[in-house]
Amino acid sequence: MANNILAFAESRGGDLRKVAYEAVTAARALADATGGEVHAVVAGPSGIAAKVGTLGTYGADVVAVVEHPAFADYNPEALAAFVAERARGGGYRAVVLIASAQGKDLAPRVAGKLGVPLASDLTTIRLDGDKVVGTHPVNTGKVIATVTLTAAPAVVSLRPGAVTAAEKPRSARVEPATPAGDPAASRVKVTQTIAGNTAKLDLGDAPVIVSGGRGLKAAENFKLVEELAAAFGNAAVGATRAVTDDGWRPHSDQIGQTGRQVSPNLYVAVGISGAIQHLAGMRTSKTIVAINKDPEAPIFKIADYGIVGDVLEVVPALTAAVKAAKAH
Amino acid sequence: MKIAVCIKRVPEMDVRFKIAPNGTSVDETGLKWDMSDFDGYAVEAALQITEKLGSGEVVVVTVGPDAAQETLRKALSMGVTRAVHLKVDAIPFDNFAIARALATELEGGGYDLILFGKMSIDSSNGAVGPITAELLNLPCVAAASKLEIANGKGTARRELEGAAELLEFPLPAVVSIDEGVARPRYPSLKGIMAAKKKPLEVKPAQLGDVRMTVSTMALPPDRPPGRILGEGVAAVPELVRLLQTEAKVL
């Protein structure tokens, strides 16, 4: 039985993303259980090879890296082919990805190419003899399924943030790799990338999320949510479906059953009543704060801390208090 | 234009689930069932494409038990041409096995476009569509928030983290649909009557080996009961104190 673990280290714009270290950390834990090695795989534009040594800090023994202009942007067909090729060549026990926007797209393609199922969006993972076992929230997070994979290799994606990147230094061997096919020969072409606010923290990466709902009464009051997020400094802004449907915020900000599912350290729900579809997207947050004028709002049932009041008054006061606390 | 839409029957989510005595599934007593949310968007998108082109056929396919025929009938009542039921006693959790059954049915069917919802709302894997694309060796766009088909090719938009991308792809192709593409229509009475006479073919699903199973299902631990700290601006200092000293997030 193969003991080595393959970790896909995600990059964007020529730099590794935070989730790359999460993948390597998770792979390290699996490899330590069997005495195997962690092999990380990276694809990016010219210059990325010089930046991948940090994966060793988190436990990679080998980093296979391909530099090609066609990998400057996310290139699903070529990337899936490359990762599957590395997976086939190495005889791995498991292939670990992170279920980020890119990973959610990539992981099933890799599994499909390898002819195996994908255990996706896992919140925990471990080995059980020859099997890989993980937990996966189903039914909008209301039920937790423990999933057993008997396929070889076991292809898994982990929910972003489920594993905290932890240093476990190895002197990683960085090995240049060449994909078998031409990375530029993709059937699906990206014709345009519409950059959002790149300075903005993504909902999946942010340790704090401040989210607004209809209780804000008008689109222009969303600036209160943004100001509170800015006061935390490490916060992203989310919204309910009602708000994105009304066009107050872009669709990509929606948290809930049909939007993003997040689990930050702190979730601040501003003027959100707590419809079941919204709770499905944020109920696994570590600490939940709710501010709402209706003391009977369902959000207070799952909030650790609640304030009953007018968000237009309470939020600016909270913003000032958070700023003051941060200043100390 | 011949379009296949792969759909799934799932329980409605606005209930408190109970675990079945076998410990590996939810107790189905009293659950209501419907087409998975994103699959509804996919059916609507397919209907709009053929309506816009003025011709074409939309076929829905599902893997499921006998009761899944209700979900196929719903799609037929929305305006789909015909349905294929790939019959299993229970839907396996193995997304490769499901993709294999679908690919076996779809291969050689002459489809220009194969649509999926971006994920099923119950098992939430989002894997069956892209795996099916791999098995059929077709180009694939996952989680499209916009989709247009014209002049034998497709264009789509995908939402990324803090960005979006526009894509172009040749047909035939596999696309999984995010919400935003098209709100599903309600079946009309005429549609419901017509659906009863539309063809619904039943075949055994060719799943092959099942290599991913659910070993246990459990309810998540309840959150500890929350505290209302007070009313209005006066409660803010206490909230900040607790965020610093108790939750340690500030």
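**View 1. Strand 1 of chain A beside strand 6 of chain A.** In this predicted model, strand 1 (residues 5-8) of chain A pairs with strand 6 (residues 94-98) of chain A in the parallel sense, over three bridges. A:Ile5 stands opposite A:Ala94 in strand 6 of chain A. Strands pair if DSSP finds at least two bridges between them. Helices (H or I, at least four residues) and strands (E, at least two) are DSSP runs, numbered from the N terminus. Residues are numbered from 1 along each chain as its sequence is written, and chains are lettered from A and ligands numbered from 1 in the order in which they are written. The model is predicted: local features need pLDDT of at least 70, side-chain atom pairs count only at pLDDT 80 or more, and totals for chains, interfaces and linings use all residues.

**View 2. The open sheet of chain A.** Seven strands make up this sheet, in the order 7-11-6-1-4-5-12, with parallel pairing. Its edge strands are strand 7 (118-122) and strand 12 (173-176) of chain A, and each pairs on one side only. From one strand to the next, the twist averages 20°. Helix 1 (residues 18-34) of chain A packs on the sheet. This helix touches strand 1, strand 4 (38-44), strand 6 and strand 11 (154-158) of chain A. The direction of helix 1 makes about 150° with that of strand 6 of chain A. Helix 4 of chain A also packs on the sheet, touching strand 6, strand 7 and strand 11 of chain A. The direction of helix 4 makes about 175° with that of strand 11 of chain A. Axes are lines fitted to C-alpha atoms, for helices over the stretch in contact, and angles run from 0 to 180 degrees between N-to-C directions. Residues are in contact if their C-beta atoms, placed from the backbone, lie within 7 Å.

**View 3. Helix 3 of chain A crossing helix 4 of chain A.** The axes of helix 3 (residues 76-90) and helix 4 (residues 101-114) of chain A come within 9 Å and cross at roughly 50°. That angle makes helix 3 of chain A oblique to helix 4 of chain A (under 35 degrees is roughly parallel, over 145 roughly antiparallel, 65 to 115 roughly perpendicular, and the rest oblique). Residues in the contact include A:Leu79, A:Val83 and A:Ala87 of helix 3 and A:Leu106, A:Arg109 and A:Val110 of helix 4 of chain A. By class, the contact has ten nonpolar, no polar and four charged residues. Ala, Val, Leu, Ile, Met, Phe, Trp, Tyr, Cys and Pro count as nonpolar, Asp, Glu, Lys and Arg as charged, and the others, Gly among them, as polar.

**View 4. Helix 3 of chain B against helix 4 of chain B.** The axes of helix 3 (residues 95-106) and helix 4 (residues 128-136) of chain B come within 8 Å and cross at roughly 50°. Helix 3 of chain B is thus oblique to helix 4 of chain B. Among the contact residues are B:Phe96, B:Ile98 and B:Leu102 of helix 3 and B:Val128, B:Ile131 and B:Leu135 of helix 4 of chain B. The contact has ten nonpolar, two polar and one charged residues.

**View 5. Strand 1 of chain B and its partners.** Strand 1 (residues 2-7) of chain B is mostly covered, with five of its six residues buried (20 or more other C-beta atoms within 10 Å of a residue's own, all placed from the backbone). Six bridges join strand 1 to strand 4 (residues 57-64) of chain B, and the two run parallel. Here B:Cys6 stands opposite B:Val61. Four bridges join strand 1 to strand 6 (residues 113-117) of chain B, also parallel. B:Val5 stands opposite B:Leu115 in strand 6 of chain B.

Key
Two residues are in contact if their C-beta atoms, placed from the backbone, lie within 7 Å. A residue is buried if 20 or more other C-beta atoms lie within 10 Å of its own, exposed if 12 or fewer, and partly exposed in between; C-beta atoms are placed from the backbone.
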